Every structure is written in structure tokens, then in C-alpha cells.
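Open the model in your viewer and keep the sequence panel beside it. This tour goes from one selection to the next and says what to look for at each stop.

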Amino acid sequence: MDRRTRSSASAVPPCAVETTLRIMSGKWKGVILYRLLAGKKRFNELQKMMPAVTHRTLTLQLRELEEDGIVKRTVYAEVPPRVEYELTELGFTMEPVIRAMYDWGTFYKSTLPGEDAPSHSCDQEGKMG
């Protein structure tokens, strides 16, 4: 059974929030989507932007996003091989969700003691504001 048809034990279709969370489940998927909002990225570019993610995890999460139709993977017949990732048309429809997550994370960090000015490690490539 593939990821699109997998559901809970009941035969009732998942609610819309459950569907969205299934697509975005995975610690790094939200950050991957955020990074790809700025445009095409090569694998190594994504990895440099997210130094805490392992090669394997990034690969698996990109594959899952590709299977779900959110990310497009393009392989160029070059030596050395070049692979680029970009959001699909469907993937770009997630922009409001990613923006809302960014805004909420900024708000939440501002409520924490000792957080005078929120730091945005996400802002290395294109600000969300």
C-alpha cells in the first residue's frame, strides 16, 4: 500500500488536517518546502542549508515529497550528474501553510524567556516576511 492510500484502521477517509499532516510528516519536510519556495535547489545546496539533517534522511524525505506530487526531481545527463529539486504546482499551493508555520514559530519564539530578538536560521535564503 503506498503512502497516498494508507489510512488509520477505520475505512473513513482522513480529515483534511490529517491529510496535510501526513504529507508534511517528517522532521525536515517543512524546512525542505520552505527552502524550495525560493526556487530550484540541488541536493547539496539543501544539505548545506540544513546541516543538522543527515544525507539519508534528506534523501528519504525528498523521495516522499516527490511520491506525493509536492516536489519534482530533475536529473540531468551530465558528468558529474546534476539533480535539482523544485516545488510542483501542487507544492506551491502549500506556501500559505509554510508561511503560517513560519509566522507562528516566530511568534512562539518571541514568547520564550530570554528571546529578545528572534533569530531566524531560516532567513539565510529569502525572507518570509
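## First stop: a ring pair

Select Tyr-34 and Tyr-102: both are buried (under 20% relative accessible area; exposed is over 50%, partly exposed is in between, with a 1.4 Å probe and protein chains only). Their rings form a stacked aromatic pair, 5.8 Å centre to centre with 10° between the planes. Rings of Phe, Tyr and Trp (its six-membered ring) pair if their centres lie within 6.5 Å; planes under 30 degrees apart are stacked, over 60 edge-to-face, and the rest tilted. Tyr-34 belongs to helix H2 and Tyr-102 to helix H6 (residues 95-111), so the pair ties together parts that are 68 residues apart in sequence. Helices (H or I, at least four residues) and strands (E, at least two) are DSSP runs, numbered from the N terminus.

Before moving on, note that this is a predicted model: local features need pLDDT of at least 70, side-chain atom pairs count only at pLDDT 80 or more, and totals for chains, interfaces and linings use all residues. Residues are numbered from 1 along each chain as its sequence is written, and side-chain values use heavy atoms, with hydrogens and water left out.

## Along H6

How many aromatic pairs does a search of the whole structure find? Two. For the other stop of this kind, select Trp-104 and Tyr-108: the ring centres are 5.2 Å apart and the planes are at 10°, so the pair is stacked. These residues are four apart in helix H6, about one helical turn. Trp-104 counts as exposed, at 53% relative accessibility. Tyr-108 is partly exposed, at 40% relative accessible area.

## The sheet

Now show the cartoon. The protein has six helices and three strands. From the N terminus, the elements run α-α-β-α-α-β-β-α-α.

Select the strands. They make an open sheet in the order E1-E3-E2, with antiparallel pairing. E1 and E2 stand at the edges with a single partner strand each, so one side of each has no neighbour in the sheet. Two strands pair if DSSP finds at least two bridges between them.

Start with E1 (residues 41-42). Two bridges join E1 to E3, and the strands run antiparallel. Lys-41 has Tyr-85 as its bridge partner in E3. Arg-42 stands opposite Glu-84.

Next, take E2 (residues 71-76). E2 pairs with E3 over six bridges, also antiparallel. The two form a hairpin with five residues between them. Check two positions: Lys-72 has Glu-86 as its bridge partner, and Val-75 stands opposite Val-83.

## E3, side by side

Which way do the side chains of E3 point? Show them for residues 82-87. Arg-82, Glu-84 and Glu-86 point one way; Val-83, Tyr-85 and Leu-87 point the other way. In a regular strand, side chains alternate between the two faces of the sheet. Six of the six residues of E3 are buried.

Zoom in on Arg-82. Its charged end sits over the ring of Tyr-76, 3.8 Å from the ring centre. A charge sits over a ring if NZ of Lys or CZ of Arg is within 6 Å of the ring centre and within 35 degrees of the ring normal.

## Helices around the sheet

Return to H2. This helix lies across E1, E2 and E3, at about 95° to E3. Axes are lines fitted to C-alpha atoms, for helices over the stretch in contact, and angles run from 0 to 180 degrees between N-to-C directions.

Then select H4 (residues 55-67). This helix has 13 residues and reaches 18 Å from its first C-alpha to its last, close to the 18 Å expected (1.5 Å times one less than its number of residues). Leu-58, Thr-59, Gln-61, Leu-62 and Leu-65 of H4 are buried. The buried residues of H4 pack against H1 (16-24), H2 (29-36), H3 (43-49), E2 and E3; contact means heavy atoms within 4.5 Å. Just after H4, Gly-69 takes a positive phi of about 80°.

## Last view

Zoom out and colour by accessibility. Of the 129 residues of the protein, 30% count as buried. Among contacts between residues at least 6 apart in sequence, 55% join residues at least 24 apart.
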